[in-house]
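Take a moment with the model before reading on. The paragraphs below walk through it piece by piece.

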Amino acid sequence: MNWVLILLTGILLLTVTLITFLLYSLSKQGDERKNYIKQKAMSQTFAVIVGLLIIEVSVSVYASMTNSLGTNGLNPFTFLVTISIVYFVALLINKKRFGG
């Protein structure tokens with residue numbers, strides 16, 4: 001039981017770190033290349049999030065049509081963590097690709 005608490009604490013610290021990195025990287029001023037890299041990462045993140053929302057709406061509509069109780073909606077914390085992770089990965093890929 002103790003390892004579960006350690007694991008959950010580690011995941012929480014990781015998510016807080018990723019969210020902090022996201023906000024910090026968005027606030028930094030830079031040249032055109034850095035702005036392009038951030039803009040590219042944000043657009044890729046936006047595309048992934050829109051896809052996730054479309055899937056979530058589809059599951060919700062399907063559940064309401066079939067009268068199943070399998071969906072409780074989207075958890076805001078999970079959604080924020082997903083956005084942070086996708087943005088972090090997209091930013092790392094774009095920094096490596098464009099040399100920022």
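**A walk through the helices**

The buried residues of H3 are Val81, Ser84, Val86, Tyr87, Ala90, Leu91 and Asn94. Buried means under 20% relative accessible area, exposed means over 50%, and partly exposed lies in between, with a 1.4 Å probe and protein chains only. An α-helix has 3.6 residues a turn, so residues three or four places apart point the same way.

This is a predicted model, where local features need pLDDT of at least 70, side-chain atom pairs count only at pLDDT 80 or more, and totals for chains, interfaces and linings use all residues. Residues are numbered from 1 along each chain as its sequence is written, and side-chain values use heavy atoms, with hydrogens and water left out.

Now the whole chain. It has three helices and zero strands. Helices (H or I, at least four residues) and strands (E, at least two) are DSSP runs, numbered from the N terminus. Along the sequence the pattern reads α-α-α. The chain is more spread out than a compact globule, because its radius of gyration is 17 Å, well over the 13 Å that the globule rule gives for 100 residues. That radius is taken over C-alpha atoms, and the globule rule is 2.2 Å times the number of residues to the power 0.38. Along the principal axes, the C-alpha atoms fill a box of roughly 55 × 40 × 20 Å. Of the 100 residues in the chain, 18% are buried.

Start with helix H1, which covers residues 2–27. What forms a nonpolar patch on the surface? Trp3, Leu7, Leu8 and Ile11 do, with about 450 Å² of accessible area together. Such areas come from the Shrake-Rupley method with a 1.4 Å probe, and for residues only the protein chains shown count as cover. Patches are made of residues with over 30% relative accessible area and no salt bridge; like charges are joined within 9 Å, and nonpolar side chains (Val, Leu, Ile, Met, Phe, Trp, Tyr) within 5 Å. A salt bridge is a side-chain nitrogen of Lys or Arg within 4 Å of a carboxyl oxygen of Asp or Glu. Isoleucine 11 sits in H1. Its relative accessibility is 43%, so isoleucine 11 counts as partly exposed.

Next comes H2. It has 34 residues and reaches 49 Å from its first C-alpha to its last, close to the 50 Å expected at 1.5 Å a residue. The expected span of a helix is 1.5 Å times one less than its number of residues. Buried in H2 are Ile37, Lys38, Ala41, Thr45, Ile49 and Ala63. Valine 59 also belongs to H2. With a relative accessible area of 42%, valine 59 is partly exposed. Its C-alpha is separated by 9.3 Å from that of glycine 73, 14 residues apart along the chain.

Asparagine 67 follows H2, and its phi is positive, near 60 degrees. This residue lies in the loop between H2 and H3. Asparagine 67 is exposed, with a relative accessible area of 68%.

Return to H3. Its 23 residues should span 33 Å at 1.5 Å a residue, and its end C-alpha atoms are 32 Å apart, which agrees. Phenylalanine 77 is found in H3. It is partly exposed, at 41% relative accessible area. Phenylalanine 77 and threonine 15 are 62 residues apart along the chain, yet their C-alpha atoms are separated by 9.5 Å. Leucine 91 and alanine 41 are 50 residues apart in sequence, but 5.2 Å apart in space, C-alpha to C-alpha. After H3 comes glycine 99, with a positive phi near 70 degrees.

One last contact remains. The structure holds one aromatic pair. Tyrosine 36 and phenylalanine 98 form it edge-to-face, at 5.2 Å centre to centre and 80 degrees between the planes. The pair links distant parts of the chain, with tyrosine 36 in H2 (residues 32–65) and phenylalanine 98 in H3 (residues 76–98), 62 residues apart. Rings of Phe, Tyr and Trp (its six-membered ring) pair if their centres lie within 6.5 Å; planes under 30 degrees apart count as stacked, over 60 as edge-to-face and the rest as tilted. Tyrosine 36 is partly exposed at 39% relative accessibility. Phenylalanine 98 is partly exposed too, at 30%.
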